[in-house]
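Good morning, colleagues. Please look at the sequence and the structure as I bring them up, and I shall then take you through the strands, the helices and the aromatic rings.

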Amino acid sequence: MRNYEVVFIVHPDLDETALTALIDKVKGWITEAGGSVEKADVWGKRRMAYPIRKQRDGQYVYFETSMPPAFSNELDRNLRLTEPVLRYMIIAK
């Protein structure tokens, strides 16, 4: 297992229930791969430095995780294909 920080920006118009469902989905991907989420923090809606897909704001979500190194590529693929996710970043600690 390796420690990672995962940050993703979600579409600003997503309501609270859909955001919670998306967070649970990402947590599910990590736990199904044998990892764990030590900390999940929703930073809320913030202004971005530049527009992404014609959006000036985004809802930021931060995870501290422990997962197998091979799964980071799979998580990268899943986040890229998830429609409401505007940007994401996976960093090994």
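Strand S1, residues 2–10, pairs with S3 in the antiparallel sense over nine bridges. Two strands are taken as paired if DSSP finds at least two bridges between them. Helices (H or I, at least four residues) and strands (E, at least two) are DSSP runs, numbered from the N terminus. As an example from this pairing, Asn3 has Ser66 in S3 as its bridge partner.

Before I go on, a word on the source: this is a predicted model, in which local features need pLDDT of at least 70 and side-chain atom pairs count only at pLDDT 80 or more, while totals for chains, interfaces and linings use all residues. Residues are numbered from 1 along each chain as its sequence is written, and side-chain values use heavy atoms, with hydrogens and water left out.

In what order do the four strands form the open sheet? The order is S2-S3-S1-S4, with antiparallel pairing. At the edges are strand S2 (36–52) and strand S4 (85–92), each of which pairs on one side only. On average, neighbouring strands of this sheet are turned by 20 degrees against each other, direction ignored.

Two helices lie across these strands. Helix H1, residues 16–32, lies across S1, S2, S3 and S4 and runs at about 30 degrees to S3. Helix H2, residues 71–81, lies across S1, S3 and S4, and its angle to S4 is about 170 degrees. For such angles, axes are lines fitted to C-alpha atoms, for helices over the stretch in contact, and the values run from 0 to 180 degrees between N-to-C directions. Contact here means heavy atoms within 4.5 Å.

Let me turn to single residues. Gln55 lies in strand S3, which spans residues 55–67. Is Gln55 buried or exposed? Gln55 counts as buried because its relative accessibility is 19%; buried means under 20% relative accessible area, exposed over 50%, and partly exposed in between, with a 1.4 Å probe and protein chains only. Leaving aside neighbours within four places in sequence, Gln55 is in contact with His11, Pro12, Met48, Tyr50 and Leu86. With His11 there is also a polar contact, side chain to side chain, at 3.5 Å. That term denotes a pair of N or O atoms within 3.5 Å; within protein, one must be able to donate a hydrogen and the other to accept it, and residues adjacent in sequence count only if both atoms are side-chain atoms.

Ala40, in strand S2, is partly exposed at 41% relative accessibility. Not counting residues up to four places away in sequence, Ala40 touches Lys27, Tyr62 and Phe63.

Finally, the rings. The structure holds three aromatic pairs. Rings of Phe, Tyr and Trp (its six-membered ring) pair if their centres lie within 6.5 Å; planes under 30 degrees apart count as stacked, over 60 as edge-to-face and the rest as tilted. Trp43 and Tyr60 are stacked, at 6.4 Å centre to centre and 25 degrees between the planes. Trp43 is in strand S2 and Tyr60 in strand S3, so this pair ties together parts 17 residues apart in sequence. Trp43 is partly exposed at 35%, whereas Tyr60 is buried at 16%. Trp43 also pairs with Tyr62: the centres are 5.4 Å apart and the planes at 10 degrees, so this pair is stacked. Tyr62 is buried, with a relative accessible area of 9%.
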